[in-house]
Amino acid sequence: MSDTAIIADDLPTVVRLAEGQTFGPRVIPVDRSLIVRYAGASTDFNPIHWSDRHARAAGMDGVIAHGMWTMGAALGAAISWIGDPARVRSQRARFIRPVPVPDTDEGTRIEVSGTVIKVADGLATIRLDVSHDGQTVLGRVEVQVTNPKEPHE
Amino acid sequence: MSSAIESTGLRPDHVGRRYPATEPYVVSAAKIAEFATAIADRSPAYHGSDPIAPPTFAMVIAAQAWQGLFDDPELGLRLDHTIHTDQSFEWVRPLRVGDAVTASLTISSVRQRRGTDIIGLAVSLDTPAGEHLATASSTLWHTREDA
């Protein structure tokens, strides 16, 4: 990392992103009640997301978070950095590992960090690293956001 | 039971098959707020007098179009034999309260290896007036029962 890298939390609300800027890791707690809430909000009621019995029958150790919950929460972490969700133009991800969500008061958490890997043509591309318990859960995560051009561009 | 349509399984020549658009889904402030809370995204843009939806809210509408694929008797796909491996979105503009949105699914790719069909889907989200809002593309791995 270059010594000119800007620390995420020092950024003003919405700014021009530059290659090499980073944020995170941001920690997002998740427990059973949040996953049930996501099932209702998304209308994805696959029982592996709320029933240990069904999750075990499907080969998991227990209830797992929806892959789309993880993708949406990870994007939310990037949005809290860039300031405005209307800037988001694209996102892609590969679902590599499930996020198990234990039936405990504390639940679990994912960690999200990001790096601006490209800035061109009014767009910035942010690569996100999304992990649970030290292991990557989403792969190839890239988010493209609109980015104001430098005056000389 | 009618057996007028035999399931022949998914084939590469199903690429390009399109399914009818879903009935329009009307985006509401309550559903936006519920979804934002569920993904722990605290942006103020999802609240107030003119809220927009979190970007991945598009999946709530796009997933409704998947039903046509699983209901297609010719393909013989089973949801409980399917895993969702990749997802991508391209957004033209944020969804807003009051937007009516249809979802139209096209099979964009089919690859087969051993007992698995690898299916690419593209779901186009549009207004009934024809304004394109977003595309949600997915890769599904489907294990065939005869595998």
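This is a predicted model: local features need pLDDT of at least 70, side-chain atom pairs count only at pLDDT 80 or more; totals for chains, interfaces and linings use all residues.
Residues are numbered from 1 along each chain as its sequence is written, with chains lettered from A and ligands numbered from 1 in the order in which they are written.

Staying with chain B, there are 2 helices and 5 strands; these are DSSP runs numbered from the N terminus, with helices being H or I of at least four residues and strands being E of at least two. Read from the N terminus, the order is β-α-α-β-β-β-β. Along the principal axes, the C-alpha atoms of chain B fill a box of roughly 55 × 30 × 30 Å. Two residues are in contact if their C-beta atoms, placed from the backbone, lie within 7 Å. Take the contacts in chain B between residues at least 6 apart in sequence: 70% of them join residues at least 24 apart.

Over in chain A, helix α3 covers residues 67-82, which is 16 residues. From first C-alpha to last, α3(A) reaches 23 Å, close to the expected 22 Å, the expected span being 1.5 Å times one less than the number of residues. Because 15 of its 16 residues are buried, α3(A) is largely enclosed by the rest of the structure.

Now for where the chains meet: 29 residues of chain A are in contact with 26 residues of chain B. On the chain A side, α1 (32-42), α3 and β2 (88-95) each supply at least two residues, and α3(A) gives the most, with 10. That side of chain A splits into 15 nonpolar, 8 polar and 6 charged residues; Ala, Val, Leu, Ile, Met, Phe, Trp, Tyr, Cys and Pro count as nonpolar, Asp, Glu, Lys and Arg as charged, and the others, Gly among them, as polar. Strands join in too, as β2(A) runs antiparallel to β2(B) (residues 82-91), with 5 bridges between them. Two strands count as paired if DSSP finds at least two bridges between them. Here Ser90(A) has Glu90(B) as its bridge partner.

The largest nonpolar core has 75 residues, a core being a set of buried Ala, Val, Leu, Ile, Met, Phe, Trp, Tyr and Cys residues joined through C-beta atoms within 7 Å. Its largest share, 11 residues, comes from α3(A). Among the members touching the most others are Ala74(A), Ala78(A) and Phe35(B). Leaving out residues up to four places away in sequence, Phe35(B) touches residues including Ala41(A), Ser42(A) and Phe57(B).

Finally, β4(A) (residues 123-132) pairs antiparallel with β3(A) (residues 108-120) over 9 bridges, and Lys118(A) is partnered with Thr125(A). β4(A) is also joined to β5(A) (residues 135-146) by 9 bridges, again antiparallel, with Ala124(A) standing opposite Val145(A). In a regular strand the side chains alternate between the two faces of the sheet. The covered face of β4(A) includes Ala124(A) and Ile126(A), and the uncovered one includes Thr125(A) and Arg127(A).

Terms used: A residue is buried if 20 or more other C-beta atoms lie within 10 Å of its own, exposed if 12 or fewer, and partly exposed in between; C-beta atoms are placed from the backbone.
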